[in-house]
Amino acid sequence: MKKISSIVFSIILLSFSAKAQQFKRVGVGIYGGPQLFGKIYTSSNLDKITGFTAGIDLRYALSKEPEGFAIHFQPGFNTFRHFKEEGKHTQLYTETTWQWSAVHLPLLLRYTFSSGKVRPFAEIGPTLRLRQSLTLKTNGYGCGIAGCSGRETDQDMQSITSKDAIALTAGAGLEVDLWKVTIPISVRIQEGFGTYATKVLFYESPGFDNLKTRTIQLNAGMNF
């Protein structure tokens, strides 16, 4: 039994050693995960949102081992949905739903802090955001002496709202070697540099000149 255990342990050590010797400076992978928190207005607080991010990871290491700097280009697709309701079970009730989707092109500089099997890292870099859609839906009712009446709107904001095309992506996480692949897990924040600005005036609705998209997301992937 001890002999079998020794053989298994030796095989594991050899596999880890081979993994270390086979470090590749150029690699490709995939990533994805949920959007956790976000906001639309600059003056708003972060709130729970739904959505996802998914894309591919193209890596070029600047060192000859896992520890050190690496450049990651990670084109991907992002979605965002923020739902808010006010006045529930009252005479004046409103629902507001923001939705957007965008192609993100982040170019990140990542620093990995060790060459072990489990490696913490931090990353930061600019992101080109190509927004594909932006909608605002409202629904609600008001009740008075004469009864209740409802109102529903559905506005396509994509064409009338300027796009914050430049964003900053920053995050931290762990890389874990698992057999012949590496599993990165990270938490990221994506913050627009500029704010949205409407191209038309909205006289009967809140102003939209202080819009800014900020999201916090959880990512996991697989690198080959």
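Let me start with the pairing of strand β7, residues 118-144, with β8, residues 147-156: in this predicted model the two strands run antiparallel and are joined by ten bridges, where strands are DSSP runs of type E of at least two residues, numbered from the N terminus (helices being H or I runs of at least four residues), and two strands pair if DSSP finds at least two bridges between them. A hairpin of two residues leads from β7 to β8, and G142 stands opposite S149 in β8.

How many of the ten residues of β8 are buried? The count is zero, so to speak a strand that is hardly covered, with buried meaning under 20% relative accessible area, exposed over 50%, and partly exposed in between, for a 1.4 Å probe and protein chains only.

The structure also holds one disulfide, a term used here for a pair of cysteine sulfur atoms within 2.5 Å. In general, a disulfide is a covalent bond between the sulfur atoms of two cysteines. Here the partners are C143 and C148, with their sulfur atoms 1.9 Å apart, and the link is right-handed, with 110° about the S-S bond. C143 counts as partly exposed because its relative accessibility is 23%, whereas C148, at 56%, counts as exposed.

Let me turn to the space inside. The structure holds one cavity of 30 Å³ or more, and about 90 Å³ of space lies in the largest cavity. Of the 13 residues that line the largest cavity, Y31, Q74, R110, P184 and R188 are the closest to its centre. A cavity is a set of points on a 1 Å grid over the protein atoms alone where a 1.4 Å probe fits but cannot get out, and lining residues have an atom within 4 Å of a point; points are joined across faces, edges and corners, and the volume is the space filled by probe spheres set on them. Strands β1 (26-41), β10 (181-192) and β11 (211-223) each supply at least two residues of that lining, and β11 gives the most, with four residues.

Finally, a word on confidence, or pLDDT, which the predictor assigns to each residue from 0 to 100. The protein has a mean pLDDT of 83, and 82% of its residues reach 70 or more. Over residues 7-21, however, pLDDT stays under 50, and the model has seven contacts for them beyond four places in sequence, a contact being heavy atoms within 4.5 Å.

Residues are numbered from 1 along each chain as its sequence is written, and side-chain values use heavy atoms, with hydrogens and water left out. Local features need pLDDT of at least 70 and side-chain atom pairs count only at pLDDT 80 or more, while totals for chains, interfaces and linings use all residues.

Key. On a 1 Å grid over the protein atoms alone, a cavity is a set of points where a 1.4 Å probe fits but cannot get out, and a pocket is an open set with protein on both sides within 12 Å along at least five of seven lines; lining residues have an atom within 4 Å of a point.
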